[in-house]
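Let's take a walk through this structure together, with the viewer open beside you. Bring up the side chains and follow along.

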Amino acid sequence: MALLGLARRFLKPIREERRLALGLVALLLVCETALCGLIVRFQPYTKIDFDAYMQQVDLFLGGERDYLQIKGETGPLVYPAGFLYVFSAIRYATGGGQVAIAQIIFGALYVANLAVVLAVYVAAGNVPVWSLGLLCLSRRYHSIFVLRLFNDCVAMLFGFVAVLLCQRSRLVWAAVSMSLGISVKMNLLLMLPGFLLLLVKGATLPRQLLALGAMAAVQVAVGLPFVLAGQTPSYVAKAFEFSRVFIHHWTVNFKFVPEEIFVSSGFAKALLAAHLAALFAFASSRWCRRDGGVLAVVRKWGVSSAVSALPLIGVSIKVARGKALYQRTPLDPRFVADVLFGCNFVGIVFARSLHYQFYSWYFPTLVFLLFSARGIAVPLKVALYFLIEVAFNVFPSTPWSSLALTGCHLVLLLGYFMSDLEEAGPAMRRRRKKE
């Protein structure tokens, strides 16, 4: 009976069994630390990009500031300069790029990343306790960190720290962390629309401006050595290159699309249009529904901003309740995760190409998204989770594996979209009543 009672507790949401969840978190972190050590000890390293990273870093440390000339064996450098600083530090820490030491560093990075993600889940509180274990079952996700040493791992640590800071309403520091992540790899731009929405709904105009200024200041500081060297055009052209066309052979999500269509500008424009339309739909029907939709939020934000700014020139106005935006502080932790994880996933679904390492961009969010999708039965949620994992473990990808992956993405996106935040559960409803 005691075991049955414990099993029932694992089925409850984290918010109802916080102590049990924290105990499971501690156990998972200990087990994952040991597992990363075993992987480093017994699994062979896979050479993909790390050697090229070190070659690019060597050129930078040797004084090269023309981004067009910073290259490695896999091609030119295509990341902002934060990447160079992080991997310069790794180069020094590993005695010039010794892989075994780098694997230990990335194992620690994996555990740190998992700890932050688990903290986000505990703060959100909506998934069942047992589902936290799913965050530790991905073969591909482990290999991205410990066996392949991709820069995506560093960028996403900054990204998940930003999510956690947003949950604690530390929006300025979240802006700094997100901008640091973008300086390592630009994929965090997928979360940026959601972060801007959180700024609008959770901060007054002065804090909004401070957060945006902090993001810009980080990018300026990161690129300053190249600006001072007179290499601004080459830095901007390569570090923020949005026109790159990925190779069809390596795509995981659109291998079923004929290559001539895959590389066409029309396909890219269609995906961008679908991406923007989906973001607008989610913002209007899910994240801004209580405020009358995204257009109403923009209008109310304008009124709130005017009320904040006009006293600076000696003008004071009063507006009727409901005309201005109620900027909530603190933000609801579940709402924060919903907006940022959801915004990121919309970008994943309509990404022109996903490579294997891009799994690290959204695998840690899948459990949250699946258990936020009302109308999908738990067995189907688990099936979707494992089907996505299987698709990312088919190498090289096939038309069938990529079709299955895209199908899973669309099923999850639809189920998630059909789930209203108004159905978020009793804890959130009580909070809303107090408001």
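Start with Y67, which counts as buried because its relative accessibility is 0%. In this predicted model, the ring of Y67 is paired with that of F226 in an edge-to-face arrangement, with 5.0 Å between the centres and 85 degrees between the planes. The two partners come from distant parts of the chain, 159 residues apart: Y67 sits in the loop between α3 (50-61) and β1 (71-72), while F226 belongs to helix α10 (residues 205-228). F226 is buried too, with a relative accessible area of 0%.

If you colour the aromatic residues, look for one cluster made up of Y110, Y141, F145, F345, Y359, Y362, F363, Y385, F386 and F392. R286 lies over the face of Y416, 4.2 Å from the ring centre, and the charged end of K381 sits over the ring of F371, at 5.5 Å from its centre.

Y416 leads us to a helix contact. Helix α15 (residues 333-349) and helix α18 (residues 399-418) have axes that come within 11 Å and cross at roughly 145 degrees, and the crossing is left-handed. On the α15 side, the residues in contact are D338, G342, F345, V346, I348 and V349; they meet H409, L410, L412, L413 and Y416 of α18. Sorted by class, this contact has eight nonpolar, two polar and one charged residues. F345, then, takes part in this contact and also in the aromatic cluster.

Now turn to helix α9 (residues 192-202), which is mostly covered, with eight of its 11 residues buried. The buried ones are G194, F195, L197, L198, L199, V200, K201 and G202, so a lysine is found in that list as well, under the cut-off of 20% relative accessible area.

Finally, a few backbone details. Most residues other than glycine have a negative phi, and most peptide bonds are trans. Against that background, F395 and P396 are joined by a cis peptide bond, with omega about -10 degrees; P396 is found in the loop between α17 (378-393) and α18. L149 has a positive phi, near 60 degrees, and is placed in the loop between α6 (139-146) and α7 (152-167). L149 is buried, at a relative accessible area of 0%. S169 likewise has a phi near 60 degrees; its loop runs between α7 and α8 (171-184), and at 11% relative accessibility S169 counts as buried.

Key:
Residues numbered from 1 in each chain as written. Predicted model: local features only at pLDDT ≥ 70, side-chain atom pairs only at ≥ 80, totals over all residues. Heavy atoms only, no water. Phe/Tyr/Trp six-rings, centres within 6.5 Å; stacked < 30°, edge-to-face > 60°. Helix = DSSP H or I, 4+ residues; strand = E, 2+ residues; numbered from the N terminus. Buried < 20%, exposed > 50% of the residue type's maximum accessible area, 1.4 Å probe, protein only. Lys NZ or Arg CZ within 6 Å of the ring centre and 35° of its normal. Axes fitted to C-alpha atoms, helices over the stretch in contact; angles between N-to-C directions. Left-handed = near helix turned anticlockwise from the far one by under 90°. Contact = heavy atoms within 4.5 Å. Nonpolar A, V, L, I, M, F, W, Y, C, P; charged D, E, K, R; others polar.
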